[in-house]
Amino acid sequence: MQYHIGREVRCLSNKIRRRLEKIDVIAQMNDLTGTNGFIIMYLAKAKHPVYQKDIELEFGITRSTASKVLTLMEKKDLITRQNVESDARLRQILLTPKAFDLTKKVLSQIDAFEKGLLKGFSDDEVNTLINLLKRVNDNLELKEE
């Protein structure tokens, strides 16, 4: 049997993205897209200073895409970028108060969405799914090297 995992993942990704964009909080906020929501949540949960390179790695996006997304988020007053005293090349990415307010709303909506995605899955099945997806991702990383 021949598998087309790339096609399946792409279809799944498109469906998830479309559904995320329909989430109440995100749909009500004209200046917030699903991707912005994920970045906001990543920044809100980060236990360390976050830089553009961290966003690139976390979301598997190119430097130019990250730069465009972050620039738009800055224009929407969702993030600020502050210079780092120890290294003039680095700019730390921080959430604005507006983004912190959105964080609470977005978190509860995304948690509910993900519970719906995994409805009927046991904890073992969820762990297996996550591990399999990580292995596919690792295989892609190996191909790029």
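Let's start with two helices: H1 (residues 5-21) and H6 (residues 97-117) pack at an angle of about 145 degrees, and their axes sit 11 Å apart. Keep in mind that this is a predicted model.

**How H1 meets H6**
- The crossing of H1 past H6 is right-handed.
- On the H1 side, the contact is made by Ile16, Arg19 and Leu20, while H6 brings in Ile110, Phe113 and Leu117.
- Sort those residues by class and you get 5 nonpolar, no polar and 1 charged.

- You'll find Arg81 in strand E1, which covers residues 79-84.
- Arg81 has a relative accessibility of 16%, so it counts as buried, since the cut-off for that is under 20%.
- Its side chain has a polar contact of 3.0 Å with the side chain of Thr71, plus another of 3.1 Å with the side chain of Glu74.
- Leaving out residues up to four places away in sequence, Arg81 touches Gln52, Ser67, Leu70, Thr71, Glu74, Arg91, Gln92 and Ile93.

**Ser64 on helix H5**
- Ser64 belongs to helix H5, made up of residues 63-75.
- With a relative accessible area of 44%, Ser64 is partly exposed, because that label goes to anything between the 20% and 50% cut-offs.
- The side chains of Ser64 and Thr62 make a polar contact at 3.3 Å.
- Ser64 and Lys45 are 19 residues apart along the chain, and their C-alpha atoms are separated by 24 Å.

Definitions and conventions:
Residues are numbered from 1 along each chain as its sequence is written. This is a predicted model: local features need pLDDT of at least 70, side-chain atom pairs count only at pLDDT 80 or more; totals for chains, interfaces and linings use all residues. Side-chain values use heavy atoms; hydrogens and water are left out. Axes are lines fitted to C-alpha atoms, for helices over the stretch in contact, and angles run from 0 to 180 degrees between N-to-C directions. Helices (H or I, at least four residues) and strands (E, at least two) are DSSP runs, numbered from the N terminus. A crossing is left-handed if the near helix is turned anticlockwise from the far one by less than a right angle, and right-handed if clockwise. Contact means heavy atoms within 4.5 Å. Ala, Val, Leu, Ile, Met, Phe, Trp, Tyr, Cys and Pro count as nonpolar, Asp, Glu, Lys and Arg as charged, and the others, Gly among them, as polar. Buried means under 20% relative accessible area, exposed over 50%, partly exposed in between (1.4 Å probe, protein chains only). A polar contact is a pair of N or O atoms within 3.5 Å; within protein, one must be able to donate a hydrogen and the other to accept it, and residues adjacent in sequence count only if both atoms are side-chain atoms.
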